[in-house]
Amino acid sequence: IYTTDGLFGVPVRVAATYAFLFVMFGTFLEKAKGGDFFFNLAATISGRSVGGPAKIAVVSSALFGTMSGSPTSDVVATGSITIPMMKKLGYDRSLAAGVEVASSTGGSLLPPVMGSAAFIMAEMTGVGYGDIVLAAILPAILYYVGITIQVHLRSVALNLAPLDATEVPSLAYTMKQGWQFVLPLVGLVVLLAMGYSPCLLYTSPSPRDA
């Protein structure tokens, strides 16, 4: 039980190293109002189309998932805004909750910050985390394409209205207010692509190497 193959095995080691670092990264980004930027960006992208509020939930959950990797925090952060917004505009509460939950669940699939299962996979298989990130891009895109199509078809069938044009921020305004939140994600992707590990440990040189 108490060996490295038991209680203190790979899952706990991954949670205490890789997963902790990425969750902390996402938490800092959220507390710095990065979540608001991603929500406004999602509204800019999809707010004017049919079923705009539901599509905002999909896009904002996907964007938030790239920095959190946690479906739970994704639902809490984006759902607290999107679900009341959808209900206010006449969406059924079950539909609003279902769209948000399905969208946030995919947050653990989206690079560069993914769920703890990705780190366990890297640890147990010996495959680099960067390679796992690359392999996850296509399935993650297909997942969200499927959700978006389903939301669009349901919105057309139920004649769900888009957001009012005055409630949708412009892309220029959104980027002006929050362009700096893109930089951490770009830097993270670049470092992973260069082969750096999320959990590099520094070891001081021995006297013989000095």
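This is a predicted model: local features need pLDDT of at least 70, side-chain atom pairs count only at pLDDT 80 or more; totals for chains, interfaces and linings use all residues.

Two helices, α5 (93-105) and α7 (129-158), each supply at least two residues of the lining of the largest cavity. I then asked which helix gives the most to that lining. It is α7, with 3 residues.

Next I listed the lining of the largest cavity by name: Ala54, Tyr91, Leu95, Val99, Val151, Arg154, Ser155 and Leu160. By class I noted 6 nonpolar, 1 polar and 1 charged residues there. For its volume I wrote down about 30 Å³. With the cut-off set at 30 Å³ or more, my count came to 1 cavity.

Then I turned to the open space. I found a volume of about 290 Å³ for the largest pocket. Two or more residues of its lining come from each of α2 (34-46), α3 (52-68), α7 and α9 (182-193). I looked up how many residues line the largest pocket, and which of them lie nearest its centre. There are 17 lining residues, and Ala62, Leu63, Thr66, Leu110 and Ile141 are the ones nearest the centre.

Last, I sorted the pocket lining by class. I got 15 nonpolar residues, 2 polar and no charged, while the lining of the largest cavity does have 1 charged residue.

Note on methods. Residues are numbered from 1 along each chain as its sequence is written. Side-chain values use heavy atoms; hydrogens and water are left out. On a 1 Å grid over the protein atoms alone, a cavity is a set of points where a 1.4 Å probe fits but cannot get out, and a pocket is an open set with protein on both sides within 12 Å along at least five of seven lines; lining residues have an atom within 4 Å of a point. Grid points are joined across faces, edges and corners, and a volume is the space filled by probe spheres set on the points. Helices (H or I, at least four residues) and strands (E, at least two) are DSSP runs, numbered from the N terminus. Ala, Val, Leu, Ile, Met, Phe, Trp, Tyr, Cys and Pro count as nonpolar, Asp, Glu, Lys and Arg as charged, and the others, Gly among them, as polar.
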